[in-house]
Amino acid sequence: MNENKTGAFISSLRKEIELTQAQLAEKLNVTDKAVSRWETGKGLPDSSLLVPLSDIFGITVNELLLGEKISEETFVQKSEDNLLDAVQETEKVISQRNFVKKLLIVTVTVFILSVSSLTTAIYLMSTSIYEATFLYDDEGFHNGILYKNNIMLIGVT
């Protein structure tokens, strides 16, 4: 489905039956801005509007979506092509949604790992400060090594 082609087709059909965008919009219970978006290729009518819109123009939904009138000889082939296009569009949307889901999972996982790493680092820093501060005897010895301001001065056996 080509939004520009379908939009131009809607515009030409509307003009053929001498309706303004506002008049067509009123028949479909939408705004004239919605009709304008369709005709400029910036969107397609909602699926619930395809049959009423086709009826107003006296065409099939396939013709509307293809953006052209279909002869009886090519009707079956064009219908199959249109169906395949719709399936491909659906697959593309599903693929994009799956990509977004995967990206969100990766982002959340990285965030959780970052917070976990930061928490672990803070814990280890506070533990090592605690050990360095409190595991020395009154003279600054720890396991036979003399420390001053957490710097090893001499080894004593």
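This is a predicted model: local features need pLDDT of at least 70, side-chain atom pairs count only at pLDDT 80 or more; totals for chains, interfaces and linings use all residues.
Let me begin with a definition: a salt bridge, as I use the term today, is a side-chain nitrogen of Lys or Arg within 4 Å of a carboxyl oxygen of Asp or Glu.

The secondary structure comes to 6 helices and 3 strands, and from the N terminus on the order is α-α-α-α-α-α-β-β-β. Of the 157 residues in the chain, 22% are buried. If we take contacts between residues at least 6 apart in sequence, 45% of them join residues at least 24 apart. The chain exposes about 11,500 Å², and carbon and sulfur atoms supply 59% of that area.

Now to the salt bridges. In one of them Lys-5 pairs with Glu-68, and the closest N and O atoms are 2.5 Å apart. This pair links distant parts of the chain, since Lys-5 sits in helix α1 while Glu-68 belongs to the loop between α5 and α6, 63 residues apart. Lys-5 counts as partly exposed, at 35% relative accessibility, and Glu-68 is also classed as partly exposed, at 22%.

Another salt bridge brings together the side chains of Glu-39 and Arg-14, again with 2.5 Å from N to O. Here too distant parts of the chain are linked, with Glu-39 in helix α3 and Arg-14 in helix α1, 25 residues apart. Are these two residues buried or exposed? Both Glu-39 and Arg-14 are buried; for Arg-14 the relative accessibility is 8%, and it is therefore counted as buried, the cut-off being under 20%. Leaving aside residues up to four places away in sequence, Arg-14 touches Leu-19, Thr-20, Gln-21, Leu-24, Glu-39 and Phe-57.

The remaining pair is Lys-92 with Glu-89, whose closest N and O atoms are 3.8 Å apart. Both residues lie in helix α6, 3 residues apart, which is about one turn of the helix.

Phe-57, which I listed among the residues touched by Arg-14, brings us to helix α4, residues 50–57, where Leu-50, Leu-53, Ser-54 and Phe-57 are buried. Why do these four residues lie on the same side of α4? They cover an arc of only 100° around the axis, and that is what puts them on the same side. The elements covering these buried residues include α1 (3–16), α2 (21–28), α3 (32–39) and α5 (61–66). After α4 comes Gly-58, which has a positive phi, near 70°.

Leu-104, Val-108, Phe-111, Ile-112 and Val-115 make a nonpolar surface patch of about 480 Å². One of these residues, Leu-104, is found in helix α6, the helix that also holds the Lys-92 and Glu-89 pair. Leu-104 counts as exposed because its relative accessibility is 55%, and the cut-off for that class is over 50%.

Methods
Residues are numbered from 1 along each chain as its sequence is written. Side-chain values use heavy atoms; hydrogens and water are left out. Buried means under 20% relative accessible area, exposed over 50%, partly exposed in between (1.4 Å probe, protein chains only). Helices (H or I, at least four residues) and strands (E, at least two) are DSSP runs, numbered from the N terminus. The arc is that of the directions from the helix axis to the C-beta atoms. Contact means heavy atoms within 4.5 Å. Patches are made of residues with over 30% relative accessible area and no salt bridge: like charges are joined within 9 Å, nonpolar side chains (Val, Leu, Ile, Met, Phe, Trp, Tyr) within 5 Å. Accessible areas come from the Shrake-Rupley method with a 1.4 Å probe; for residues, only the protein chains shown count as cover.
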